[in-house]
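Subject: Structure handover

Hello,

Here is the structure for you to look through. My notes on it follow below.

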Amino acid sequence: MSAHAGRLVKLQRVFEEIAPSFLAASSRVANFKLGKVVIHADSGAVAARLRQMLPRLADEFCKKGCEVTEIEVKVQPDHVAAQQTG
């Protein structure tokens with residue numbers, strides 16, 4: 001596994017620990033570069049709730065040893081879920 005992929009897996013695990021379970025189930029860590037974590041949310045409602053929590057999430061990532069300086073949330077529906085409902 002590449003270093004970048006390993007970092008994403010670690011960030012995803014931390015995200016699942018620190019985010020409320022109903023939000024973690026509908027979102028995922030998509031990328032990390034230069035301290036910036038990109039999170040994809042399945043809907044606008046999930047994205048809005050995550051955006052409200054950004055300061056707390058960033059703080060929690062740092063407490064868990066992740067060097068996160070910024071978090072960006074994008075709406076990007078899960079392709080598997082979209083195919084099953086469509």
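The axes used here are lines fitted to C-alpha atoms, for helices over the stretch in contact, and the angles between N-to-C directions run from 0 to 180 degrees. Please keep in mind that this is a predicted model.

Helix packing. Two packed helices are described by the angle between their axes and the distance between the axes. For helix H3 (residues 44-52) and helix H4 (residues 54-63), the angle is about 65° and the axes lie 5 Å apart. Angles of 65 to 115 degrees count as roughly perpendicular, and H3 and H4 are therefore roughly perpendicular to each other. On the H3 side, the contact involves Leu50, Arg51 and Gln52, which meet Leu54, Pro55 and Leu57 of H4. By type, the residues of this contact are four nonpolar, one polar and one charged.

Cysteines. How many disulfides does the structure hold? It holds zero. Cysteine 62 is in no disulfide, and its nearest cysteine sulfur belongs to cysteine 66, 7.9 Å away. A disulfide needs the two sulfur atoms within 2.5 Å, so the 7.9 Å between the sulfurs of cysteine 66 and cysteine 62 is too far for a bond. Cysteine 62 is partly exposed, at 41% relative accessible area, whereas cysteine 66 counts as buried, at 8%.

Glutamate 16. This residue sits in helix H1 (residues 3-18) and is partly exposed, with a relative accessible area of 46%. Its side chain makes a polar contact of 2.9 Å with the side chain of glutamine 12. Glutamate 16 and aspartate 78 are 62 residues apart in sequence, and their C-alpha atoms are 16 Å apart in space.

Regards

Technical notes: Residues numbered from 1 in each chain as written. Predicted model: local features only at pLDDT ≥ 70, side-chain atom pairs only at ≥ 80, totals over all residues. Heavy atoms only, no water. Helix = DSSP H or I, 4+ residues; strand = E, 2+ residues; numbered from the N terminus. Parallel < 35°, antiparallel > 145°, perpendicular 65-115°, else oblique. Contact = heavy atoms within 4.5 Å. Nonpolar A, V, L, I, M, F, W, Y, C, P; charged D, E, K, R; others polar. Buried < 20%, exposed > 50% of the residue type's maximum accessible area, 1.4 Å probe, protein only. Polar contact = N/O pair within 3.5 Å; in protein donor to acceptor, adjacent residues only side chain to side chain.
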